[in-house]
Amino acid sequence: MCEYTPRELILAAGGVPVCLCGGDAEMIPAAEEALPANLCPLIKSTFGYHLLRANPFLEMASLLVAETTCDGKKKMYEIMAEARPMVVLELPQRESDEAGLAHWEAELRRLGTELERRFGVPITTARLREAIKLMNRERGLRRRLAALMKADPPPLTGRELLDCKSLISGIPSDLEQYERTLAAWEGQPGRADLVGRVRVLLTGVPVVHGAEKVVDLAEEHGGLIVAMENCTGLKPILDDVDETAADPLRAIAEKYAHLPCSVMTPNSRRLDSLRRIVPEFGVECVVELVWQACLTYDVESQRVRRLVETELALPYLRIETDYSPSDAARIALRLEALYEMAQSRREHRP
Amino acid sequence: MWCVGVDAGSRTIKAVVWDRSKHEVAARGLVNQGIRQAELAAELVQRLLRELGAGPGDVARTVATGYGRTHVVHADQAVTEISCHARGVRHLHPDARMVIDIGGQDSKVIWLDPGGHVHDFVMNDRCAAGTGRFLEVVAARLETDLAGLGEQAARSTHPVAISSTCVVFAETEIIGLLSARTPPADLAAGIQRAIAARIGAMVGRRAVPPILFTGGVALVSGMAETLALTIGHVVELARDPQYTGALGAALIAADQAEEARARAGSRPRNDVPGGA
């Protein structure tokens, strides 16, 4: 249910890693019978799928891998674990901490042992290296797809790029599809109808399939999401696992520990990421999406705003919302005003 | 040649006709909002043009703003009221750094950079408690209108603290206070303070003078002073505060018409329709 789950380990054990994050608003009412309403919609939707047994992948799952990321997920997993086999990894949340990394590596070793025990497949070094190569190839292809958006205009919209992303990691036919898409679009002229759109960086929480409301609104009102600094965008694919490392498990632990989710502290990696992505993608304004009740992204948004407005001198808009469509007009108005700000800067740039 | 700005708000539709050659407002007017927004807006504009001895053909460009901006189908473009209020206020008060706009159903605070461009904004369009609606509800209970409410508030010696955060519940609270013989003037002043408190929360500690006050609620006497008390800075009433949105829209229309003219002028001769 998270990008902290090391897909390589699951693949090395002969498993198929499937992401279970919920994006459907209709799952939420059921979840609110057991969970507080004032909780992140992603957590509620995921839990709703569990209660209603409405996600076939979840129903087919042999094992769930969870992490102690945010408080809401952590406590929701406790209830889910009553009914489903689950391994919970404890994620150390101090950034760049040797002891924390050692602990995370130990947690991944424990996951590996558990996978071997349950499924009787030894996770050999060779299988790990193979899985690392596969995932690195997948991340590389997805980076190249994301890089298509650097063009002005690009050959596709942000929503279309988001739709390319698979729920399931490491499937050869998906990688072939990525290759075909790249062959069709790399080096091609961009779409004429996307000329003049305001280039937007979307940052913050993940935009899970079904919850693309803000992406759609952003692109229906004059914007183009050229980059997503979130877990359904660039965040998990920016770094690869070091294939040359002597200890593949340690290398996996390092890559995944670096994921700059707002649960990490002080999360300066995320700010550095934003500093690089903005000029690379020709970003003209930043929209930060915070799901309601997501405390870590909400509090961190203050630092992101300061970075964007003061250091990067770009207009910034924070949108706090849930999966309900009822605030679409209010969000659209704010996006339009943001784009007007960005456009006026185009005209007045020296 | 004229440019027209239409501000289709929640209570009224405002229109401003801007004279591009004389660089001034040629006409302005408003009508009450209704179901037939597009027709009401069109009729208003046509009336203003007729009074100038002009017709739709004399209009270079029309920009619509406000809550109903996408319904004003005869407009060339819709621009948000954030940009339009900023533009209108900047024209009237070139050194303005902050705009407080309180309309019938929403309120906003807009920060301008030294160049007059929108730097940041905060809007309340979800709760009636910081809007003109609150004043309307109370005015009705006090059996007066908005102007009368302002006059009453000015006579208050002890403004009442309204505890309800919701307009609906506040109305009930006011009925109770009236039965308890609370002076209407104190209630009127209390409501003004309640609205000012909502705006104060939006401004936070980020007040940057000069602060200009726009929107229909700016016309209610005492509101600017009450806002100033809460924010801790002078709050100046914008000139013609109900029309700043429509004025800004007209000015943006004029800017766009000018850009189009400049672009057409810089095209190669054989590109101009109809030949040289």
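1. Ala, Val, Leu, Ile, Met, Phe, Trp, Tyr, Cys and Pro count as nonpolar, Asp, Glu, Lys and Arg as charged, and the others, Gly among them, as polar.

2. Before going on, a word on the model. This is a predicted model, in which local features need pLDDT of at least 70 and side-chain atom pairs count only at pLDDT 80 or more, while totals for chains, interfaces and linings use all residues. Residues are numbered from 1 along each chain as its sequence is written, and chains are lettered from A and ligands numbered from 1 in the order in which they are written.

3. Where do the domains of chain B run? Domain 1 covers 2–85 + 243–271 and domain 2 covers 94–238, with bounds from an automatic or database domain assignment. Their C-alpha centres lie 28 Å apart.

4. Next, look at the sheet in chain B. This open sheet has five strands in the order β8-β7-β6-β9-β10, with mixed pairing. Helices (H or I, at least four residues) and strands (E, at least two) are DSSP runs, numbered from the N terminus, and two strands pair if DSSP finds at least two bridges between them. β8 and β10 (235–237) of chain B are the edge strands, each pairing on one side only. Strands β6 (residues 98–102) and β7 (residues 107–112) of chain B run antiparallel, joined over five bridges; D101(B) has K108(B) in β7(B) as its bridge partner. Helix α2(B) packs on this sheet and touches β6, β7, β8 and β9 (211–214) of chain B, at about 60° to the direction of β7(B). Such angles run from 0 to 180 degrees between N-to-C directions, with axes fitted as lines to C-alpha atoms, for helices over the stretch in contact.

5. Chain A has a sheet of its own to find. It is open, with four strands ordered β4-β3-β5-β6 and parallel pairing. The edges are β4 (223–229) and β6 (316–321) of chain A, and the twist averages 30° from one strand to the next. Strand β3 (residues 198–204) of chain A pairs with β4(A) over six bridges, and V198(A) stands opposite G223(A). Helix α14 (residues 328–348) of chain A packs on the sheet, at about 170° to the direction of β6(A).

6. How many residues does each chain bring to the contact between A and B? Chain B gives ten and chain A gives nine. On the chain B side, β8(B) gives the most, with three residues. By class, that side has five nonpolar, three polar and two charged residues.

7. Finally, the interior. A nonpolar core is a set of buried Ala, Val, Leu, Ile, Met, Phe, Trp, Tyr and Cys residues joined through C-beta atoms within 7 Å; buried means that 20 or more other C-beta atoms lie within 10 Å of a residue's own. In the largest core, of 149 residues, V200(A), L201(A), V287(A) and I100(B) touch the most other members. Helix α6 (residues 184–203) of chain B supplies the largest share of this core, ten residues. Beyond its neighbours within four places in sequence, I100(B) is in contact with residues including V109(B), I199(B) and F213(B).

Terms used
Contact = placed C-beta atoms within 7 Å. Buried ≥ 20, exposed ≤ 12 C-beta atoms within 10 Å, placed from the backbone.
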